[in-house]
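Walk through this model one element at a time. Keep the coordinates open as you read.

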Amino acid sequence: MKKDPRQVGSHTAPMICGTSPNGNAHTVYCMIHHPELVPPVEGAHIELGHLAEPVIIARHNTKHADAGKFLPGKTYERVIDGIPCRATPDGELEDGSAILECKVRFFRDRDFYGEEGSSNVMASDYDQVQWQMHVMGEHVKRAYVAVWFGIAQDLEQFIVERDQERIDEMMTIVGNFWTFNVEARVPPADDESEQCRKYWAHFESVSEKRREFTQEEWRDTAQWAELDAEITRLEKQKKGIENRLRASMGDHEELWVSGTKTKVTFKTNKRGARPLRVYWK
């Protein structure tokens, strides 16, 4: 179902409330009155996010089965206090008591989240699920936010309870925006949101800690890689020799040679193991 720009959805509500790093109230105003000025949100991360939703839902159902089985979410539309509202959770329980929001994040975004299992999520995530619970109805009491911080890692779960105080704050902000900006056709100031400032300041601080190799550093790193590969090759060769010695020694516990301290032992220790030890002197 195509999104109606004249509805306040769970994606645009955080923009209006100043907690989204991707836009502000002015962005939403333009979406409604001047959509030609707003470029479409595109990119591999957006496409991957959509493709990952069924994977994240399935993994969450397996890893956190105690939370219940989530099914793909439906779209909900309501007019609340004269404002057309919309919400489409990524997943929801059959009884509708909880929802699931799936996120694919850059690894650097992990700094915006607290410990797994807590309610400390990005401010935009928090407002997004509060808006979803509000539009769906008072029976929705909890939201699970499943975040994938990189393809090689398991997802992390965060639990956000319904926060009626924040919902009321959001409705006041959205209500004022709808009345004094959208209906009055008066664009709000195009100010950078606090969350946007925090997000991009963090991104820049991470970027400032990175730089390109110097030629000397590149040579050292290349030499390290060669040595590491050689060490790996020698370790495999060493293991092969040890295995041949074990096989040839059989039940014997020691090999020795006259006139030197060089020996190979193959004795059972107190823990019942039989390590091979080589002493070359």
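Helix 2 (residues 25–33) is largely enclosed by the rest of the structure, because eight of its nine residues are buried. Buried means under 20% relative accessible area, exposed means over 50%, and partly exposed lies in between, with a 1.4 Å probe and protein chains only. Helices here are DSSP runs of H or I with at least four residues, strands are runs of E with at least two, and both are numbered from the N terminus. The buried residues of helix 2 are Ala25, His26, Val28, Tyr29, Cys30, Met31, Ile32 and His33. What covers them includes helix 1 (12–16) and helix 5 (164–183). That cover rests on contact, meaning heavy atoms within 4.5 Å.

A word on the source. This is a predicted model, with residues numbered from 1 along each chain as its sequence is written. Local features need pLDDT of at least 70 and side-chain atom pairs count only at pLDDT 80 or more, while totals for chains, interfaces and linings use all residues, and side-chain values use heavy atoms, with hydrogens and water left out. The pLDDT is the predictor's confidence in each residue, from 0 to 100. The chain averages 89, and 90% of the residues score at least 70. Confidence is lowest in helix 6 (residues 194–208), with a mean of 63. It is highest in helix 4, at 97.

Five strands form an open sheet in the order 1-4-5-6-7, with mixed pairing. Two strands pair if DSSP finds at least two bridges between them. Strand 1 (70–72) and strand 7 (156–161) are the edge strands, each pairing on one side only. Neighbouring strands of this sheet are turned by 30° against each other on average, direction ignored. Axes are lines fitted to C-alpha atoms, for helices over the stretch in contact, and angles run from 0 to 180 degrees between N-to-C directions. Strand 5 and strand 6 (residues 142–148) run parallel and are joined by seven bridges. Ile99 has Ala143 in strand 6 as its bridge partner.

Helix 4 lies across strand 4 (91–93), strand 5, strand 6 and strand 7. Its direction is about 150° to strand 5. Which side chains tie this helix to that strand? Lys103 forms a salt bridge with Asp125, with the closest N and O atoms 3.9 Å apart. This pair links distant parts of the chain: Lys103 sits in strand 5 (residues 98–104) and Asp125 in helix 4 (residues 123–136), 22 residues apart. A salt bridge is a side-chain nitrogen of Lys or Arg within 4 Å of a carboxyl oxygen of Asp or Glu. Both partners are buried: Lys103 has a relative accessible area of 12%, and Asp125 has 1%.

The whole structure holds 14 salt bridges. Side chains of opposite charge can pair when their charged atoms come close. Arg86 is buried at 7% relative accessibility, whereas Glu77 is partly exposed at 44%.

Just after helix 7, Gly250 takes a positive phi of about 60°.

Strands follow. Strand 8 and strand 9 pair in the antiparallel sense over three bridges. Glu254 has Thr265 in strand 9 as its bridge partner. Six residues lie between the strands of this hairpin, where Gly259 takes a positive phi near 85°. Thr260 is found in the loop between strand 8 and strand 9, and is partly exposed at 40% relative accessibility. Its C-alpha is separated by 6.8 Å from that of Lys281, 21 residues apart along the chain. Strand 9 also runs antiparallel to strand 10, with four bridges joining them. Val264 has Val278 in strand 10 as its bridge partner.

Glu254 also forms a salt bridge with Lys267, the closest N and O atoms being 3.7 Å apart. Glu254 is in strand 8 (residues 254–256), and Lys267 is in the loop between strand 9 (263–266) and strand 10 (276–279). Glu254 is partly exposed at 33%, and Lys267 is partly exposed at 39%.
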